[in-house]
Amino acid sequence: MATSAVNTDKSLIATVQQKKKKKKWQSYALLFILPSFILYTLFVIVPTVGSVYLSFTSWDGISDDVRYIGFANFVEIWNSPRVHNALKNTMILTISLVVLENIAAIAMAMMVDKVRWFRNLFRSVFYFPTLLSGIVMGFVWAMILNYNFGVFNQILESVGLGSWIVDWLGNPKYAMLSIILSTVWKGAGYYMIIYLAGLQGIPQELNEAASIDGAGGWQQFRHITFPLLAGAMTVCMVLSMISALKIFDQIAVMTDGGPGFETETLTYIIYKVGFGELRQGFGTALAMVLFLIILIITVFQVKVLQKREVQL
C-alpha cells in the first residue's frame, strides 16, 4: 500500500512538473508571436476598424474635417449607375478569369505532366509570366496591342489579315477582352503548378486499370482525373476569384478604366473616387461593400466546391 501511494505521489509530481514546463514554453511562444501580432494589429486590424468608421463620413482624404453622415455613402452606392456599371464589369471580368484561367491551367498542367522531354523547360516557360508584376505585364501588353505600332496588329497585317486590325484597347468592344486574355496569360501558370501537384498525386494505377477496361483519354479525364483534381480546383478557383475581384494594375496601365467606363471595376472606381475625386469616405464605403462581396462569394464558392472533392 505504501509503495503504491509513493508511486501515485511521484506521478502527480511528474504531471505537475510537465504542466509547469508546458506553461513555460507557452510563455516563450507568446513572446515570439507578440512582435508579429503587434505589427498585424497596427497595419491590418487598426486600419480596418478605421476604414469602417470612415465609410460613414464625408472625409476628402486630406483635410481634418471628418464629418459623420451615417449611411449616405451606402445609399449613394445603391443608387449610383456608375457603381452598377463597375459591378457589372467586375462580375464579367471575374467569371471570365475564373473559367479561362483554370481551363488554361489544367491544360498546361496535363501537358507538362505527360511530356517526356524538356519537362522543366515547359514548366518554366508556362510559369514565367506569373513572375512579372501587374504593372510590367500591363505595359508589355499595352505595347503589344497598341493600334499604331503594336506587334499584334503588325502580325495581322503581315499575314494578310489587315481587315482584323482594330484598336484593341480603345474600342469598347475589345478593351475588356484584351484585359481578360492578357490576365489569363499572366495568371494561368501559377494555378498550373497547383494542378500539376494534384495530377502527380493521382495513383497511376487508376488510369492503367481504366485503360485496360477500354476507357479512352477523355473518359479517363472525365471519370478519374477531373474528380480527383477537385481539391486543387477548390484552391485555384477561390484564389483566381479573389484575384479577379481585386484586379487593378492591368486596368490602370492598359485602359485607365476606359474607353469611357467600359473597363472600370469596383477596385478601380475605389481608387478613382478616393484619390482622384478626393471622396475618401465614399471610396472607403465602396471598399467595405467589395469586402463583403468577396467574403460572401468566397464562402459560397468553397462550400459548393468542397462537396465534390474526392478523398483518395
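Predicted model: local features only at pLDDT ≥ 70, side-chain atom pairs only at ≥ 80, totals over all residues.
**Conventions.** I number residues from 1 along each chain as its sequence is written, and side-chain values use heavy atoms, without hydrogens or water. Local features need pLDDT of at least 70 and side-chain atom pairs pLDDT 80 or more, while totals for chains, interfaces and linings use all residues.

**Main core.** I looked up the largest nonpolar core, which has 38 residues; such a core is a set of buried Ala, Val, Leu, Ile, Met, Phe, Trp, Tyr and Cys residues joined through side-chain atoms within 4.5 Å. Buried means under 20% relative accessible area (1.4 Å probe, protein chains only). Val83, Met192, Tyr195 and Leu286 touch the most other members. Helices that each supply at least two residues include α3 (81-114) and α13 (280-306); helices are DSSP runs of H or I, at least four residues, numbered from the N terminus. The most comes from α3, with eight residues.

**Second core.** I noted a separate core of 19 residues, among them Leu97, Trp141, Trp168 and Tyr268.

**α3 against α13.** I find that the two axes (lines fitted to C-alpha atoms over the stretch in contact, with angles from 0 to 180 degrees between N-to-C directions) come within 13 Å and cross at roughly 35°. Contact means heavy atoms within 4.5 Å. On α3 the contact is made by Val83, Leu87, Met91 and Val98, and on α13 by Phe282, Leu286, Ile293, Ile297 and Gln301.

**Thr90.** I located Thr90 in α3, where Thr90 is buried at a relative accessible area of 0%. Beyond neighbours within four places in sequence, Thr90 contacts Leu245, Thr265 and Leu266.

Definitions and conventions
Buried < 20%, exposed > 50% of the residue type's maximum accessible area, 1.4 Å probe, protein only.
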